[in-house]
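Here is a short briefing on aromatic contacts. The model comes first, then the points by topic.

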Amino acid sequence: MSSFRKNVDACNDGNAPKGYCANQDYSEGSDYLVHDIAQHTNLRSGPHELLSRGVLGKRKLPVSPVKMLVGREGNCTGRGRFSSADGCHVLSRYLPVNGPRWVDRLQSRAYVSQFSADGSLFVAGFQKSHIRIYDVDKGWKVQKNILAKSLRWTITDTSLSPDQRFLVYSSLSPVVHIVNVRSAASESIANITEIHDGLDFSVDGYNDDDYDALGIFSVKFSTDGKELVAASSDNSIYVYDLESKRPSLRIPAHKSDVNTVCFADETGHLLFSGSDDHLCKTLRIYWLEQVWDRRCFGTRGKAAGVLIGHLEGITFIDSRGDGRYFISNGKDQTTKLWDIRKMSSNTPYTRRPRDTDFDYRWMDYPTHAKALKHPHDQSLATYRGHNVLRTLIRCYFSPAYSTGQKYIYTGSSDGSLYIYDLVTGAQVASCHGHEKPVRDCSWHPLYPMIITSSWDGVVARWEFPGSEEEPSEAGGRRKRKKA
C-alpha cells in the first residue's frame, strides 16, 4: 500500500471462535489517522470508547466479543445496547473465508454475480446465455432461469431494479434486454416463454458500422428505477429513459472503451466512470422534474473532474455510496482508493510510463512494470497482491451494515478472492478455491457470506463460521493467510 502505514496483528485475545479473525491497529500515533477516510471508517466500525481497553502509552487492542457483551450487559456506555459501530466492530472481525461450498456449476464461464440490496436474491450471469436468479432464503433454489437473447460473446453485466421487479442484462451489443423477475414463469426463454424487451442504446445518426461496433460493458439502474446508465465501447456513457424508451443522453466521456460506470450516491446526480484510457472521471448530471435539463450540457456532457494514477486501463469502479470515495481495479494489477475532492478539471493528460506491448488478455504483467508509478498519481492508497488479467476483474467495498466498510475485496485471475484492510492496506485474507479467474464476487449485505463466480463455471459460497457440511471440491484448494 502506498499511502498508509501497514500495521495489522492477528487476534491474540484467545476469545475468538474457530475461523478467521482480523484486527486493526487503532494507535493514536498511526500515520493513517490524518486521512478523513480512516476517521470515517473508525467511526463506523470502532467500539465505543468506554468499551475499549488500553494502557497509557500503548496501542489500543481490539475489544473481544466477550468483553463487548459484558460491557453491554453492564450498561457501560449508558445506552444498554450496541451502537451500529459496536456491532460492526464485532462482526467485521470474523471474515467469511470457510469454503468453498458450491452454489451452482455450469459448463460455461461465470461473468457476473451479485446479491440484491436486501440479500434475498442472488443473480449470476454466464457466458453461454444463462442467467440464474436464486432465492437465498429458500436454500438457494433457482427462482428464475433466464436464457438471454441476441448475445454477443457473453453477458457483460446485469442489474436488478431497486424494487427487484426487473432485471436488465447487457452484452457486446447496443441493445440491453429487460426481464420481469416477478412473473410466474420459472423458465424465461427470450421471446419464447417470455418477452425480453430490447432497449436500444444507439443514438440518431449512427451508421451500420457504428451500430455493429457498439457494445455495453456495464449497466446500472438509477436509484428511482426510471433510468439506466451504461458504459460503452464507443468511449461514451449513456443514460436511457425507461419511460420514453430511448436514450436521453450520450456523454463522450473518455478516449477509449468505458469499462465501468456507477452512481456515486443515492441522489443520482454524480457518476463515476473508468476507461481503458487509464482515467477515472466524475460526471455531474442534472434533471428538472425528472426531465434531463440539457441546458447544463453545453457540449452534451462534461466531466466534473479527472483522477489520474493507474498506469493501465480500469476494469471496475465501486462507490462507497457517500458521493466522495470510490475504489477502482486496474490492469496495472492494483486497486486504488480515491477521494473526489482531489480531482482536477485541468490535470495534464501525461503519457504514462507503461509497457506498450502488454495485453492483459493473454500476457502476464511485466515484472519491471510493477515498480512504476504515475508521476501525477492522485489516489489516496494503492492495494497490491491480486491479479487483474484475462478479464475485467471486479472489486468492492465490504458491506456497511456488518463491517462499516472497513475492507475492500476483489476477484483475481489466479482463481482467488482477496480481502484488504481499507485503512492499513494489509491483506487480511485470501480464499483459493477456483481453477480459473474469479471475475466477480459479492459479500452478503447482512450476513458473513461471500459468493465468488469464476471462469471455471463454479459459483461458490464462503462463510463464517460455515455449516457442518464438508466443502465441495471446486479444485480442492483452500488457504488462509492470517494478518
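Is Tyr111 buried or exposed? Tyr111 is buried, at a relative accessible area of 4% (buried is under 20%, exposed over 50%, partly exposed in between; 1.4 Å probe, protein chains only). This is a predicted model: local features need pLDDT of at least 70, side-chain atom pairs count only at pLDDT 80 or more, and totals for chains, interfaces and linings use all residues. Residues are numbered from 1 along each chain as its sequence is written, and side-chain values use heavy atoms, without hydrogens and water.

**Tyr111 and Trp455**
- The whole structure holds 17 aromatic pairs (ring centres of Phe, Tyr or the six-membered ring of Trp within 6.5 Å; planes under 30 degrees apart are stacked, over 60 edge-to-face, the rest tilted).
- Tyr111 and Trp455 make a tilted pair, with 5.7 Å between centres and 40° between planes.
- Tyr111 sits in strand E4 (residues 110-115) and Trp455 in the loop between strands E32 (449-454) and E33 (458-463), so the pair ties together parts 344 residues apart in sequence (strands are DSSP runs of at least two residues, numbered from the N terminus).
- Trp455 is buried too, at 12% relative accessibility.

**Tyr407 and Trp443**
- Their ring centres lie 6.3 Å apart with planes at 10°, so Tyr407 and Trp443 are stacked.
- Tyr407 is in strand E28 (residues 407-411) and Trp443 in strand E31 (residues 438-443), so this pair links parts 36 residues apart in sequence.
- Both Tyr407 and Trp443 are buried.
- One aromatic cluster is formed by Phe316, Tyr396, Tyr407, Tyr409 and Trp443.

**Charge over a ring**
- Arg109 lies over the face of Trp455, 3.8 Å from the ring centre (NZ of Lys or CZ of Arg within 6 Å of the centre and within 35 degrees of the ring normal).

Definitions and conventions:
Helices (H or I, at least four residues) and strands (E, at least two) are DSSP runs, numbered from the N terminus.
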